[in-house]
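Let's take a friendly walk through a protein model, one region at a time. Keep the structure open beside you as you read.

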Amino acid sequence: MSLAPSALITGITGQDGSFLAELLLEKGYAVTGLVREASAEALGCSEHLRGQIELVQGDLLEPETLQAAIVAVRPTEIYHLAGPSFVPASWQRPGETIRSIVGSCAAILETVREADSGTRVFISASGAMFGEAPESPQREDTPCRPATPYAIAKLAAHELVGALRRNDGVFACSGIVYNHESERRPERFVTRRVTRAAAAISLGLQEELTLGSLEAIRDWSFAGDIVQGAWLMLQQDRPDDYVLASGVAHTVAELARTAFQCVGLDVQRHLRVDPALVRVQESTPSVGDPTRARERLGWRPRLDFQALVERMVQADLQALRASPPLS
């Protein structure tokens with residue numbers, strides 16, 4: 001009788017980690033999450049899973065702790081989701097961004113290679129690494145021109161996955177993920193700022209929404225669908241890299257309009273553009289081509305853009321009604 005599969009998830013406290021943990025638990029996995037502190041630490045988005053998952057300590061900036069965690073857990077699969085995710089912050093701490101993204105990726109791959117255990121590894125890359133690419137949508141073989149420290153680090157980790165896969169036979173996959181959202185996304189991200197504002201304004205708790213570039217283009221997917229794609233990548237006979245994206249472009253203006261329509265409001269009556277928040281627009285729209293994932297993995301996202309925004313607005317309405325903010 002074979003043992004149940006086991007997984008080690010870095011970033012267990014975040015949006016993606018929580019959705020992935022739920023998915024793997026449903027499939028009968030033994031799930032261990034990497035946390036920085038002792039087991040008493042708040043589990044963030046995975047708090048509702050406390051007691052269903054094991055915890056192990058580790059820090060992205062301390063490679064030896066990642067190695068020790070892998071040796072202790074001996075997982076059949078590793079999902080490396082942890083790392084900086086708020087791109088603007090990478091300009092303030094470029095060195096730390098490089099170390100946490102590239103250094104942690106290298107430590108995980110080295111440990112798996114040396115253990116020769118057959119552990120399969122998913123590394124979360126980013127569509128941001130394409131930067132000012134020569135084409136849109138971007139495919140797995142699209143040339144990369146990263147424009148931020150975050151994107152540069154993600155590209156380096158992505159290339160490292162391919163190098164160790166080719167040279168050492170490590171079963172490692174790079175998931176080139178584009179923007180993916182949910183009600184678990186922190187409010188500093190524009191999607192949650194928009195859906196939260198729509199909910200708050202409809203309840204009379206807020207008067208207006210302030211945004212920057214309304215014409216900025218993004219490819220938004222549901223986080224739960226993205227982690228489903230990550231799992232499928234590690235179930236294949238051969239490792240490869242895959243773009244995980246909706247393949248559909250939407251502007252921030254569309255996002256705001258859709259969110260306010262969910263609560264029966266005209267966004268133009270509540271929206272204010274702050275010129276100080278307007279950034280230079282990318283010349284190449286950040287949109288991914290998920291053809292390879294659809295054809296080889298059979299990956300089929302469950303939520304489209306409209307359904308995703310509706311889900312987020314409804315969650316924000318429920319949260320605000322349960323605990324309205326203090327005035």
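## An enclosed helix

A residue is called buried when its relative accessible area is under 20%. Keep that cut-off in mind as you look at this predicted model.

The buried ones are Val 252, Ala 253, Leu 255, Ala 256, Thr 258, Ala 259 and Phe 260. What do the buried residues of H7 pack against? Their partners are helix H5 (190–202), strand E8 (209–211), strand E12 (250–251) and helix H9.

## The nonpolar core

Now find the largest nonpolar core, which has 36 residues. Ile 9, Leu 20, Leu 24 and Tyr 79 have the most contacts inside it. Several helices and strands each supply at least two residues of this core, among them strand E1 (6–10), helix H1 (15–26) and helix H9 (305–322). Helix H6 gives the most, with 7 residues.

Leaving aside residues up to four places away in sequence, its contacts include Ile 9, Leu 20, Leu 24, Phe 122 and Trp 231.

## Two helices side by side

Helix H3 (residues 94–115) packs with helix H4 (residues 149–168) at an angle of about 15 degrees, and their axes are 8 Å apart. Angles under 35 degrees count as roughly parallel, so H3 is roughly parallel to H4. Their crossing is right-handed.

The contact includes Ile 98, Ile 101 and Leu 109 of H3, along with Ile 152, Leu 160 and Leu 164 of H4. Sorted by type, the residues of this contact are 16 nonpolar, 1 polar and 4 charged.

Methods. Residues are numbered from 1 along each chain as its sequence is written. This is a predicted model: local features need pLDDT of at least 70, side-chain atom pairs count only at pLDDT 80 or more; totals for chains, interfaces and linings use all residues. Side-chain values use heavy atoms; hydrogens and water are left out. A nonpolar core is a set of buried Ala, Val, Leu, Ile, Met, Phe, Trp, Tyr and Cys residues joined through side-chain atoms within 4.5 Å. Buried means under 20% relative accessible area, exposed over 50%, partly exposed in between (1.4 Å probe, protein chains only). Helices (H or I, at least four residues) and strands (E, at least two) are DSSP runs, numbered from the N terminus. Contact means heavy atoms within 4.5 Å. Axes are lines fitted to C-alpha atoms, for helices over the stretch in contact, and angles run from 0 to 180 degrees between N-to-C directions. Angles under 35 degrees count as roughly parallel, over 145 as roughly antiparallel, 65 to 115 as roughly perpendicular and the rest as oblique. A crossing is left-handed if the near helix is turned anticlockwise from the far one by less than a right angle, and right-handed if clockwise. Ala, Val, Leu, Ile, Met, Phe, Trp, Tyr, Cys and Pro count as nonpolar, Asp, Glu, Lys and Arg as charged, and the others, Gly among them, as polar.
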